[in-house]
Amino acid sequence: MAEPITVEDPDDPRLHDYTGLTDVELRRRREPAEGLFVAEGEKVIRRAGEAGYAMRSMLLSAKWVDVMRDVIDRASAPVYVVEPALAEQVTGYHVHRGALASMQRKPLPAAAEVLGTARRVVIMESVNDHTNIGAIFRSAAALGMDAVLLSPDCADPLYRRSVKVSMGAVFSVPYARLDSWPRGLDPVREAGFTLLALTPDDRARSLDEAAPHRMDRVALMLGAEGEGLSSRALAAADEWVRIPMSHGVDSLNVGAAAAVAFYAVTAGRPRA
């Protein structure tokens, strides 16, 4: 059992994991290098623990101690209690959810490992917006996608913003990072997956016509907001597919498009 420790100095080295959470470039380098990520909010912290991530420490405002008491009682990691103003000074933003936890990362599995038991796979190329990453993972979990593969330059799904937007769904869907792009797609095809590239291009076939939920194994490729899939990724796909649009709208936000496409490729499939 961890007894909460009151901390009053924003420069206390014990709060190192929580410093400068708004500095995206710093955190992108620091968190993976130090083997940590930050979970924000009661639900996300609980889901991280349920997914088997070990806690390094927890940072709470006083009013959240009772709410998180069962988590505190099970924790072997230190729990620091601070005033809201001090938490804001340390992290660089107002921690309105009042609870943060530093969690230990797990080694990422190889792509072949996550493909071994999957039938419906998401593949992201160059998706660097953490909000979109989180939204896509949340939809993937909710709509029954089995795994996610990331191109080498995709953003980190365990960055605080991604975890928060996904409401912890990044812990529910197995994911791996491909070693190369687009050559990393070759093992996906060799594993029996049909590569479907989602694009608004008029030459693409409607998802309704492609009826991908009838395929045995399908990998749905998504590109970054604005740019979409690169020409190299489109060339590597087995087929281009699109979501039919109305009222002169040419495309959807990638997070919204992902949700529509995930439903299309999982429709008629039994839910877990």
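This is a predicted model: local features need pLDDT of at least 70, side-chain atom pairs count only at pLDDT 80 or more; totals for chains, interfaces and linings use all residues.
Me: Which residue meets Glu 34 in a salt bridge?
Reply: A salt bridge here is a side-chain nitrogen of Lys or Arg within 4 Å of a carboxyl oxygen of Asp or Glu. Helices (H or I, at least four residues) and strands (E, at least two) are DSSP runs, numbered from the N terminus. The partner counts as buried at 10% relative accessibility, and the bridge of 3.4 Å, N to O, joins Glu 34 to Arg 30.

Me: How many residues apart in sequence are the parts that Arg 160 and Glu 40 tie together?
Reply: The side chains of Arg 160 and Glu 40 form a salt bridge of 2.9 Å, N to O. Arg 160 belongs to helix α7 (residues 160-166) and Glu 40 to strand β2 (residues 36-40), so the pair ties together parts whose separation in sequence is 120 residues.

Me: Which residues are linked with Glu 42 in a network of salt bridges?
Reply: Glu 42 pairs with Arg 46, the closest N and O atoms being 3.1 Å apart. Both sit in helix α2, four residues apart, about one turn of the helix. Glu 42 is partly exposed at 26%, and Arg 46 is partly exposed too, at 23%. The network links Glu 42 with Arg 46, Asp 70 and Arg 74.

Me: How many salt bridges does a search of the whole structure find?
Reply: The pairs Arg 160 with Glu 40 and Glu 42 with Arg 46 have already come up. Across the whole structure, the search gives a total of 16.

Me: Which residues gather in a patch of positive charge on the surface?
Reply: Patches are made of residues with over 30% relative accessible area and no salt bridge; like charges are joined within 9 Å, and nonpolar side chains (Val, Leu, Ile, Met, Phe, Trp, Tyr) within 5 Å. Lys and Arg count as positive and Asp and Glu as negative, with His and the chain ends not counted, and the place of a charge is NZ of Lys, CZ of Arg, CG of Asp or CD of Glu. One member, in helix α2 (residues 42-50), is partly exposed at 35%. The patch consists of Lys 43, Arg 47, Arg 97 and Arg 138.

Me: What is the area of the nonpolar surface patch made by Met 245, Val 249, Leu 252 and Val 260?
Reply: Leu 252 sits in the loop between β12 and α11 and is partly exposed, at 35%. Accessible areas come from the Shrake-Rupley method with a 1.4 Å probe, and for residues only the protein chains shown count as cover. Together, Met 245, Val 249, Leu 252 and Val 260 make a patch of about 280 Å².

Me: What is the phi of His 247?
Reply: His 247 lies in the loop between β12 (239-242) and α11, and is exposed, with a relative accessible area of 83%. Although His 247 is not a glycine, its phi is positive, at about 55 degrees.

Me: Which peptide bond is cis, with omega near 0 degrees?
Reply: Look at the loop between β8 (175-177) and α8 (186-190), where Pro 182 is placed. The cis bond runs from Trp 181 to Pro 182.

Me: How far does the backbone oxygen of Phe 262 lie from a polar atom of the side chain of Thr 266?
Reply: Thr 266 is in helix α11 (residues 254-266) and is buried, with a relative accessible area of 1%. The distance from the backbone oxygen of Phe 262 to the side-chain polar atom of Thr 266 is 2.8 Å.

Conventions
Residues are numbered from 1 along each chain as its sequence is written. Side-chain values use heavy atoms; hydrogens and water are left out. Buried means under 20% relative accessible area, exposed over 50%, partly exposed in between (1.4 Å probe, protein chains only). A polar contact is a pair of N or O atoms within 3.5 Å; within protein, one must be able to donate a hydrogen and the other to accept it, and residues adjacent in sequence count only if both atoms are side-chain atoms.
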